[in-house]
Amino acid sequence: MKIFSKPVSAIIGVLLYTSALSQSGSDSVVIALQERVRVLELTEIVQSMTQRSLLTPGYHPELKALIAAQAYNFWKANPSEKFVSHLNVYSALHYANKYLQLDSSIMDYAYNQILGHNEMVISIELGSDSYFYSAGSDGKVLKWDINNPKVIPTTIFEGDDLIRSIDISHDERFLMILTKTTGTVILDLKGNEKGEINQPLTDPEVLQAASFLPGKDAYISVNRKGEIRLKGLMYDNKPIGQAASRILSIAIDPAQYEFYLGAEAGNITKADESGKVSKIYFDQPYAINSMDISNDNRYLAIGRELGDAVIWDLKSKEQIRTISGHQSGVMDVEFSPDSKTLLTASRDGTARIWDIDNPRKFPLLLDDHNGWVMTAAFNKDGSKIITGCKDNFIRIWEVNHKSLADRICQLVDRNMTPEEWSEYVGENIPYQTTCP
């Protein structure tokens with residue numbers, strides 16, 4: 001298989017052209033072309049080294065890690081556009097970190113894996129700056145400290161029914177648990193004077209979907225009959241609309257106070273408090289598994305069973321981009337806190353981070369799962385991603401390349417030998433210290 005043949009041929013061509021120009025005395029052009037050669041050479045080195053790191057077996061963890069870290073050093077120094085290389089460098093750094101201190105004696109626990117559920121992880125919600133909540137098909141809701149994820153989590157709810165989803169209120173006081181057959185449970189996270197969670201509130205009506213309203217102690221719900229209701233002390237619980245198909249997801253536009261309900265039939269029902277209802281139709285009617293509205297209130301992201309994500313402009317009310325790449329249904333979508341990237345989670349076993357404005361840029365690929373990725377979320381500052389998987393594991397991913405490279409240099413107490421440098425970097429490339 002031929003790899004990276006174009007950069008190599010480009011370098012050779014530019015070198016020949018540079019030589020010809022040198023003889024003609026065009027110094028400024030020569031300098032520019034020499035810089036271009038340097039960029040192409042660095043790009044080739046980075047691509048080659050990331051592949052070498054990924055191919056280095058896990059029983060050579062330090063060498064695997066040093067190759068990845070040095071590839072990152074070259075990548076960081078390279079002024080070229082990073083449409084592809086950022087993906088390859090990230091993958092090399094992740095897998096290098098995975099095999100450092102990997103304990104294969106306990107179910108191959110990787111550095112970013114935590115286990116608390118007995119069955120698949122269905123839903124994840126961020127709480128305060130340092131806590132997040134997870135729900136599993138085992139009927140449990142767990143509270144985790146994101147800064148100390150290896151600490152045993154607190155079980156805040158445990159029931160016999162399968163949990164469909166969880167949602168947290170705008171003020172982070174209430175957690176709503178949507179079950180399959182026994183209705184809705186609402187926990188008061190503030191608790192009593194002793195710090196214990198109060199007796200949960202229960203609503204026996206079985207719902208298809210539900211979500212808290214922003215800025216209010218109430219929630220929107222869709223029951224088995226498809227009736228859209230607003231529930232809370234300030235509402236009379238009368239239907240404000242009717243859904244013709246089973247509802248799988250809800251997103252709320254806080255600016256316009258409009259509710260978007262994604263249907264199994266592949267369309268979206270839009271409603272407001274007054275009861276005005278309309279529909280958004282797509283040419284390809286695939287189930288709407290998940291939706292999210294960007295924090296700048298510009299876009300609605302739609303994760304579909306087809307395996308793609310649709311970006312809908314809330315102002316112009318039109319589809320502006322379709323993001324394709326997953327091989328199976330997209331189960332969850334979420335915008336980053338700065339609204340510049342979109343996180344997608346899929347049954348193909350991967351989560352991906354997409355640049356919203358630049359379709360040429362490859363997504364970061366989080367592919368180290370052993371089953372369907374059912375749910376995914378950014379932390380509060382967007383520096384980490386939490387994924388929940390069918391294999392019962394929760395994984396916490398560093399988004400920043402530098403954090404992964406720094407961890408390597410904290411754990412590895414040596415640099416490449418001259419012989420290793422010659423083999424894995426190149427004989428004609430001056431030796432560098434990878435880790436200070």
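Residues are classed here as buried when their relative accessible area is under 20%, as exposed when it is over 50%, and as partly exposed in between (1.4 Å probe, protein chains only). The structure is a predicted model, in which local features need pLDDT of at least 70 and side-chain atom pairs count only at pLDDT 80 or more, while totals for chains, interfaces and linings use all residues. Residues are numbered from 1 along each chain as its sequence is written, and side-chain values use heavy atoms, with hydrogens and water left out.

The protein chain contains six helices and 28 strands; these are DSSP runs numbered from the N terminus, with helices (H or I) of at least four residues and strands (E) of at least two. Along the principal axes, the C-alpha atoms fill a box of roughly 85 × 50 × 35 Å. Of the 436 residues, 53% are buried. The accessible surface of the protein chain amounts to about 20,700 Å², and carbon and sulfur atoms account for 49% of that area, as computed by the Shrake-Rupley method with a 1.4 Å probe. Contact denotes heavy atoms within 4.5 Å. Among contacts between residues at least 6 apart in sequence, 45% join residues at least 24 apart.

In soluble globular proteins, nonpolar side chains tend to be buried together. A nonpolar core is defined as a set of buried Ala, Val, Leu, Ile, Met, Phe, Trp, Tyr and Cys residues joined through side-chain atoms within 4.5 Å. The largest such core in the model has 42 residues, of which Met49, Phe74, Leu93, Ile385 and Ile408 touch the most other members. Helix α3 (residues 61-77) makes the greatest contribution to this core, with ten residues. Another core, of 18 residues, lies apart from it and includes Leu230, Tyr235, Ile240 and Phe259. When residues up to four places away in sequence are not counted, phenylalanine 74 touches Leu42, Ile45, Val46, Met49, Trp421, Val425, Ile429 and Gln432.

Two further buried positions were examined individually. Leucine 178, in strand β7 (residues 174-179), counts as buried because its relative accessibility is 3%. Beyond four places in sequence, leucine 178 touches Leu162, Ile163, Arg164, Ser165, Gly183, Thr184, Leu207, Gln208, Ala209 and Ala210. The C-alpha atoms of leucine 178 and aspartate 161, 17 residues apart in sequence, are 9.7 Å apart in space. Proline 363 is located in the loop between β24 (351-355) and β25 (364-366) and, at 12% relative accessibility, is likewise buried. The C-alpha atom of proline 363 is separated by 8.5 Å from that of valine 84, although the two residues are 279 apart along the chain. With residues up to four places away again left out, proline 363 touches His86, Leu87, Arg352, Ile353 and Trp354.

Charged residues were considered next, with Lys and Arg counted as positive and Asp and Glu as negative, and His and the chain ends not counted. The structure holds 17 salt bridges, each being a side-chain nitrogen of Lys or Arg within 4 Å of a carboxyl oxygen of Asp or Glu. Glutamate 62 and arginine 414 form one of these, their closest N and O atoms being 3.2 Å apart. Glutamate 62 lies in helix α3 and arginine 414 in the loop between α5 (401-411) and α6 (418-424), so this pair ties together parts that are 352 residues apart in sequence. Glutamate 62 is partly exposed at 28% relative accessibility, as is arginine 414 with a relative accessible area of 27%. Arginine 414 also meets the side chain of glutamate 420 in a salt bridge (3.0 Å, N to O), and glutamate 420 is buried, with a relative accessible area of 16%.

A separate salt bridge joins lysine 231 to glutamate 205, with the closest N and O atoms 2.4 Å apart. This pair links distant parts of the chain, with lysine 231 in strand β12 (residues 227-232) and glutamate 205 in the loop between β9 (201-203) and β10 (207-212), 26 residues apart. Lysine 231 counts as buried at 9% relative accessibility, whereas glutamate 205 is partly exposed at 23%.

Lysine 140, in strand β4 (residues 140-145), is buried yet has no salt bridge, and aspartate 138, the nearest side chain of opposite charge, is 4.1 Å away.
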